[in-house]
Amino acid sequence: MIIPKLHYISQGNSTKEHLENIQKACTSGAELVQLRLKSVSEKKLLKFAKEAREITSHFQTRLIINEHYKIAKEVKADGVHLEEIASCPTKTRQHLYTWQIIGGTANTLQDCKTLIDKEVDYISLGPYTSTTTADSLYPVLGLNGYTEITKTLKTKTPIIGIGNIKVDDVTDILETGISGVAVSQEITRNFNIIRTFNQLLNASSTEEQRYTFK
């Protein structure tokens, strides 16, 4: 499976807005969206995940569920994203279908190494710069941090930059060895910008590596 180079992280002031924004992202050409709903019950999350799955299926867009692997399995999402380093990808994979992917959030070189050892399919590394969407605050990595980490790791696991990334940042970020970017605010403000992101990332490139799953 190819890991898309652009990930849209859902955003909204309500669950309805999250779903509306996912639809807008799909309409505008997003290849992968992550449903990131916080502070809702599992019952409600399941309901909205099913709706998100219907939307993304219609557009043949990949859907990733944030944290809740049981819901990801139940709605047959394309995978799950684990934000907490305490969440074990190895144990999570035992509960998923073999074709579902697992992504993990990393804030340090050691986080990346831990996730690679546990065979995640991609890593979201950040924050690139300061952000208001993350629940916890970590030191900003910037271009220098990205360069140091990618050079040290020399991994084939795709590393996706995250953390208040703008269109103007993409070219410089790719030069650090980062594979792609995850974006929330910049896209939510203007969904038409997805096309620009895709062009800069060469998102439809056949050079993307294909990953096989055990």
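How many bridges join strand 5 to strand 6, and which way do the two strands run? Four bridges join strand 5 (residues 101-106) to strand 6, and the two run parallel. Two strands are taken to pair if DSSP finds at least two bridges between them.

## Basis of the model

This is a predicted model, in which local features need pLDDT of at least 70 and side-chain atom pairs count only at pLDDT 80 or more, while totals for chains, interfaces and linings use all residues. Residues are numbered from 1 along each chain as its sequence is written, and side-chain values use heavy atoms, with hydrogens and water left out.

Helices (H or I, at least four residues) and strands (E, at least two) are DSSP runs, numbered from the N terminus. In strand 6, Y122 and S124 point one way and I123 and L125 the other, and all are buried. Buried means under 20% relative accessible area, exposed over 50%, and partly exposed in between (1.4 Å probe, protein chains only).

L125 in strand 6 stands opposite A106. Contact means heavy atoms within 4.5 Å. Leaving aside neighbours within four places in sequence, L125 is in contact with A106, N107, T108, C112, L141, Y146, I149, I159, I160, G161, I162 and I178.

## Nonpolar cores

A nonpolar core is a set of buried Ala, Val, Leu, Ile, Met, Phe, Trp, Tyr and Cys residues joined through side-chain atoms within 4.5 Å. In soluble globular proteins, nonpolar side chains tend to be buried together. The largest nonpolar core here has 51 residues, and those with the most contacts inside it are L6, L35, I65, L125, V181, I187 and F197. Helix 2 supplies the largest share of this core, six residues. Apart from it lies another core, of eight residues, which includes I64, Y122, I160 and A182.

## Salt bridges

A salt bridge is a side-chain nitrogen of Lys or Arg within 4 Å of a carboxyl oxygen of Asp or Glu. By this rule the count is six salt bridges. One of them joins the side chains of E83 and R36, at 2.5 Å from N to O. E83 lies in the loop between strand 4 (79-82) and helix 4 (89-93), and R36 in the loop between strand 2 (32-35) and helix 2 (42-59), so this pair ties together parts that are 47 residues apart in sequence. Both E83 and R36 are buried.

E83 also forms a salt bridge with K38, where the closest N and O atoms are 3.3 Å apart. K38 is in the loop between strand 2 and helix 2 and E83 in the loop between strand 4 and helix 4, so the pair ties together parts 45 residues apart in sequence. E83 counts as buried because its relative accessibility is 19%. K38 is partly exposed, with a relative accessible area of 33%.

## Helix 2

E51 and K47 form a salt bridge, with their closest N and O atoms 2.8 Å apart. Both lie in helix 2, four residues apart, about one turn of the helix. E51 counts as partly exposed at 29% relative accessibility, and K47 is partly exposed as well, with a relative accessible area of 45%.

K50 lies in helix 2 too. K50 is partly exposed, with a relative accessible area of 42%. Leaving aside neighbours within four places in sequence, K50 is in contact with E74 and V75. The C-alpha atoms of K50 and E74, 24 residues apart along the chain, are separated by 8.7 Å.

## Aromatic rings

Rings of Phe, Tyr and Trp (its six-membered ring) pair if their centres lie within 6.5 Å; planes under 30 degrees apart count as stacked, over 60 as edge-to-face and the rest as tilted. The structure holds three aromatic pairs. The rings of Y97 and W99 have centres 5.4 Å apart and planes at 5°, so this pair is stacked. Y97 counts as partly exposed at 28% relative accessibility, and W99 counts as partly exposed at 38%.

Y128 and Y146 form another stacked pair, 5.7 Å centre to centre with 25° between the planes. Y128 lies in the loop between strand 6 (122-125) and helix 6 (142-153) and Y146 in helix 6, 18 residues apart, and the pair links distant parts of the chain. Y128 and Y146 are both buried.

A charge sits over a ring if NZ of Lys or CZ of Arg is within 6 Å of the ring centre and within 35 degrees of the ring normal. K73 lies over the face of Y97, at 5.1 Å from the ring centre.
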